[in-house]
Structure formats: structure tokens, C-alpha cells
Amino acid sequence: MKEPFVIASWPSVPVEIVRAAGFRAVFVRGAPGPTPTADRHLEQGIFPGRLRHLVESALTGRLSDAARIVIPRTSDTDYKCFLYLRECVRRGVTSALPAVILFDLLQSCGAHVGAYDAARTRALLDELASISGRTPSADDLRQEIVRANAARAAARRLLAFRRIVPRVTGTEVFPLLAAFWELEPERYVAAVDGAASAFAKRSALRGPRVLLTGAPVDGPELHRAIESHGAIVVAEVGPWGSGAAGDEVRQHDDPIVALADKYRADAVGARTPAASIRHWTAGMLDDVDAVVVSLPPEDAVFGWDYPALRDMLQARGIPHVCLRGDQYQAPTAEEHAQLDAMISTASTLQEARHG
Amino acid sequence: MAEKQLDTTTAASAFQKQWFGDLRRRVFDERQPYALLQADVPFELFDLAGIPAVSNQWWASMIAAKRQAPQFFDAMDADGLHGDLCRYCSLGYASTRYPGAGEPPWGGLPTPRLLCARLTCDCIHRVFELWADAFGAELFEIDHPGAGDLPVRWWELGRHQWRELVEPHRLAFMVSTLESLVERLEAISGRAFDRNALRERLELVNQQEEVFDQVRQLIATAPECPVRMTEQITNVMATQWVRGSEWALAHARAFRDEVQQRVDAGVAACPGERARLMWVGAGLWHDTAFYTAFESSHRAVFVWSMYLAFGPDGYIRYGLDDPMAALASRTASFNEYLHNPPWAAEWIVHQAREHRISGALVLRPRSMKPAGTGRLFIERALEEAGIPVLPIEADVVDARAWDGDAARAGVRSFLETRVLQ
């Protein structure tokens, strides 16, 4: 029998909650290719590819086996996607859609946000438990936290092969990091341990080390494009790559509070406080030689961070390139030329620094 | 720009200029604090604390109307802010961040003591943080929980059943957040907050919006539209920023009386009216002449925009035993009703029928991504209701890519082929 599963639109839905309620979490990611059914309802240039594909799949009946579609409030487009899907059901556009629910996780620093998030996390658990008939105890939740934390520790071991002297390319390691969200923790740890053993035997990779920032990517296509020029992507902003592990979920009397706190602070996306992303980015700059800023056409958020980032990079003499294309499409010839020039500059600087 | 048909429109414009001059004097000469707010923040709390408040959207519309926006947008472009970022909510920031780029109206904004924004769209946190930083001022954010229950005919619940309109957890969160805001305002003003005064203020806001409801009815039912949409907006918005004040209520009544007199006398904004148009979306602030451009040629008059219509349906709250909860219920979903499914399409179709609309022009905003959502649902609902739709692609404050002649030609063709047949 197929394992019961829940679809989520962004990895800000706690996997621990989903698993404790008896489901497997399946997270939506973008892909190239047309979305003609979704295009009838979603305006162009606003929704990222992952949401267009989610709506396409939803409206063409491909998600009918899911127990629920969970949409977190961690971006405005996700929230709109929730409203659109509910409207499509109301208007009879589709009937083969599992119930769509909103996980209303807020991420601002307001005094009342923490308590609100804890209550909404509890409501999510109650909703999922009511479908599965499996109401987890606090100890069940703690056990899921321990399992996921073990997977987080494994993901951090992978990150060690990227920092300072990289032994693995971004293209290779990104899918491994991303798998944190969907693999059972024990399988994830085993997969990482196997990969880590292999990486440990490798010699250091040569080439400028690149940080990929801007809008988070959910696939390795941009890594592949950047690395085709001889660079190594050693970190990327967002929950699918360097941010997959994040901090461990802390021990707390109430595991739901601990989970709500973790995901509010750690789930990188459009509503993550700008200072948090600035802080993370600044911390990465000591160990990179160049930076690629991805600002796709639907970006409404991360472009605001660009002037300050550019000024910081210029002050530190770190070359950078800003890409405005869709992450699922190959960069243009002009963008490839820009990448080439940036990496050439970074190589020269790297050689000068290291003799 | 067409000449003003109503005396109250001239008075409203004069009031705003005078009000802003007074604000600058109070801030510069008397060192009084003021606040910069997103339009959907509850202004009443600031006014009751003795802290005058300037609306970001109003300020942006002023800059655009004075034809200064392109200079500030060029400065944003030159600084590396890409062209797909929202320009409406950030024009005010640009006028602060790039002070030499253009000439802001009436001497420009003084430094506020506080900025405050509801975190509706994702970009608001960014824009207001940058703006607060540019001023060296404090920022208070009101987070925006998402609605899980979606009552379709929201305007039927808002007045008397507002507790049913917003889920209890969202309402409680919004009350707590507004209470925290009040604490900040008390600390800034040194004045204790008076809940009875809030109740009285909200009662006055109700009265003001009831007056606008009467104006809306006059416009909907008069044989011909008595007041141009642009003049509706000037009169309504001048009062909404100081809603519930003595001047606002008096002005609303004067506006209603003037409209009533025109109806009684059979005076129309566009005599011989043949087409009644609605404008769906924010105003085209850099080209307001667009809205009167089809009167003489086609006898087509813009009758409806959200600015007047939303007042009665969005603001009125009866049952003010807990005024903060009433205010929170208004704030919780405020502008979502104007854009998102299921609320916007249902309301706009209802309004179109009430106003005997013969054609709708729906804004496709170029850079305001969040305001651009829900548009396809709205367009489809209007067409299904038998109301022809013409999408208008434009940025409401950025005139640089606006081809006014081409847009007017498109409307003329729309009128001739779909509306006036």
C-alpha cells in the first residue's frame, strides 16, 4: 500500500509534525516546462515556478492521492496560492483536489508572534492527526525531533566538505542536502555517511569558491551553469542547500513550541527578516571568492537587499554577478560571459591571495 | 487635467496642502513627532496619541502627480534595484534615499519619529526597514496572519458580525499587536491612551463612512453620474487619512450635500452619459486626466473606484463595546478584500451591478506584484456577469513606460466594440 503523504509548498512546514502525524512529507519544487492549466488562474511574472507546477498538478488531478496540501504563510505567493486553490474548488474548476490548508507561520519579530506560531503549529498537528487517526504524544514528537536532528547533524557533515577547501561540487551535493526534507532520517543519515566517506577520500577541488545568494533556488541548475566555468559553488542561501540543516530543534518542555521557534527563525524564504539573511551572508564571505546573486523575474523581495550586498562585496573586493533569469532555464550567452568574466577575476584574486 | 466640478474638491485639495504645511511646521519648529504609515495601518491610534501620520501611498501619489516620480525611479535603477520591484510602496522611500534626484512636493518629508507597516506583501518589510534606516527612525511592524476561513460576501458581515469575519486566533493576535503599538505610541507621546476616546473616534468613523455610503448610493442610483471618479477620490481620501476627525466628518457631509444638490438639480459629471465605467485597482496617479478623457468623445464616464466604495464596506464596525477588537477586525484582512479571491471578485461584481456599470477597466500593475494577484479571477467574474473588461497594463506611479495615447486609443476601441454597441 502506498505510504500516506502530504504535499507542502515550501520547506517551512515542520517535517517532524508531518511524520509524527503518520505522513510522509513531499515538498513541491519547480521544473522547466509549460503549465497551461495553472496559467489560466495565476498571473504571469508573480508566482515562482514551483507554485505554477503545484497548481498545474493540483488542477489536473495529479495530487488526488495526497492526504492534504499544506501551504505555509512564509511567502505572499504561497498564501495567494492557497487562496487560489480554494477558489478553484469553490468555483468547481476542480473536484479531484485534497483539502488545502494554510499553515500560518509568521516570521516577524513581533512580541506575540512566537505564541501565535506555536498555536498554529499545534493546529496543523491536530488537523493532520485527525486525518490519520494517529494523535502523537509529546514523547512521540520529541522522538521525531531527535530523528530529524540526527539528519541535520548529517547534513552539517556534508557542509564541512564545502567550506574552506571544497572537496565536492555544488551540483553534486545540492541534491544530497535537499534530500533532508523528504528522506526518512535514518535513510538520510546512511546516504550522507556513504557520500561523506567518498568525499573524504577526494583531493581538494580547484577553482574559485562561489556563494549563490539572492532568491533561494530549489534545484542545482544554476550550480551546474556556474560550475561549468570552473568555479565551485560552496554555499547557497535557502532551505534546500546550505540551509537544509540549520540549527537543531532545541529541547523544550513543549516540543511544539520548540518546533515553531525553529521554523520561524530558520525557514529561509521571502518573509525571513532581512537582517537574518544579511547576517548569514556576511558570515559566508570570508570563505568565498565570488558571489552570484539570483534575482528571477518574479522576485519581489531579494532585489531590495542587492545594493547593500553589492556595496559590501565591493568593499571587500569580491567580484559578483547578478542573474535575472529563471533558475530552471539555462543562462543566456550574455550571462555566461558575465559568469566567465567574474570567475576569471576571482581566479586571479585567488591566485594572488594564495601565491 | 479636467477642471474641478465640485467646490468640495477644491476645499479637499487645499486642506491637504495646508495639513502637510502644518505638519512640517510642527515637526521642524515645534519638534513634534509624526509617523509614516502604510495606508492600511489604523491611523486612529496615532491621531489619538497626538502623533500625526502621513500615508505612504498618499505621499507616493503626490510625488507622481507632481511628475517627480521618474527622477526617483531612475535613481533606484542606477542603484541596482531591479525594475520588477514594487514601485508604488517604495517611491516614498526613494524620495528619502535619493534626495537629490528629484523635487518632492511641498519641501519633502521631515524625519518621522516612527514608521509603521502591516506586513501584507513580502516586500513591505524590506522597503520599510530600508526607509527607517535611511531616516534613522524606529520601525513598528504589524504582522499579517493569513485567513483560513474565507467568507465570500464579507461586506455583509463587516458591520454587525465582524467577529465572524475574522477567525478568533487572528483577531486575538491583531488585538495583541495593536496593544503593543499603543504602548509604543504612549511611550513616544508621553500620553496615556484613552479607550473611551477610541470608542468615540470609531463611532465618528462609522458616521463618516455612513455619509460615504449615502454618496455611493447617490452615485449608483442617479440617472447620470453626478461626480467624477477623480473628484470622488480627492474628497474621500483627504478625509480617510484623518478619519473620524471633526474636519473629516464635516467635509464628508459637505461633499455629500454637494453631490445631493447636483442630483436634485439633475447635474451630471458628463451630461448625456452613454457608458458607465469602473476602474479596478489603484489609481493611475501620474495620468489622472486619463479618467476624463472619454467624456466628450464617447460620453463615457468613470463612475466607480474602490476608494469611495470601500469606505462603507471596509470601515464600518457597529458594536463598539471592545473598540480595540473592532479596530483589529478591520485591520486583520483589510486590503485583501480588494485583490484576492474569493473576496474581491464577488464584491466588485456586486458593486458593478449596483452601479449599473457598462464596462470595467482592470489594472494590470507592472511592478506591484501582490496587487496584481487575483486579477484573472476578477476579470473572469466580471465577464461572466456580462460586464466587458479591458485590462490596462500600467504602473500607477511610474510613468516612464506609460504610453497615454496608446492606452486612450485602446479604451476608445473597447468602448466602440464592446460597450457602446
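**Reading a crossover, a helix pair and a buried helix**

Reader: What kind of unit do β3(A), helix α4 (residues 76–90) of chain A and β4(A) make?

Author: They form a right-handed β-α-β unit; with the strands pointing away from the viewer, the path from the first strand over the helix to the second runs clockwise. Helices (H or I, at least four residues) and strands (E, at least two) are DSSP runs, numbered from the N terminus. This is a predicted model: local features need pLDDT of at least 70, side-chain atom pairs count only at pLDDT 80 or more, and totals for chains, interfaces and linings use all residues. Residues are numbered from 1 along each chain as its sequence is written, while chains are lettered from A and ligands numbered from 1 in written order.

Reader: In which sense do β3(A) and β4(A) pair?

Author: Pairing takes at least two DSSP bridges. Strands β3 (residues 68–72) and β4 (residues 100–103) of chain A pair in the parallel sense over four bridges. A:Ile69 has A:Val100 in β4(A) as its bridge partner.

Reader: At what angle do the axes of α3(A) and α4(A) cross?

Author: The axes of α3 (residues 49–59) and α4(A) come within 11 Å and cross at roughly 15°. That makes α3(A) roughly parallel to α4(A) (angles under 35 degrees). Residues of α3(A) including A:Leu51, A:Val55 and A:Leu59 belong to the set that meets residues of α4(A), among them A:Cys81, A:Leu85 and A:Cys88 (C-beta atoms, placed from the backbone, within 7 Å).

Reader: How many residues of helix α13 of chain B are buried?

Author: Ten of the ten residues of α13(B) (306–315) are buried, so this helix is largely enclosed by the rest of the structure. Buried requires 20 or more other C-beta atoms within 10 Å of the residue's own, with C-beta atoms placed from the backbone. B:Asp313 is one of the buried residues, as are B:Met306 and B:Tyr315. The cover includes α9 (195–221), β6 (300–304) and α16 (343–354) of chain B.

Terms used:
A residue is buried if 20 or more other C-beta atoms lie within 10 Å of its own, exposed if 12 or fewer, and partly exposed in between; C-beta atoms are placed from the backbone. Two residues are in contact if their C-beta atoms, placed from the backbone, lie within 7 Å. Axes are lines fitted to C-alpha atoms, for helices over the stretch in contact, and angles run from 0 to 180 degrees between N-to-C directions. Angles under 35 degrees count as roughly parallel, over 145 as roughly antiparallel, 65 to 115 as roughly perpendicular and the rest as oblique.
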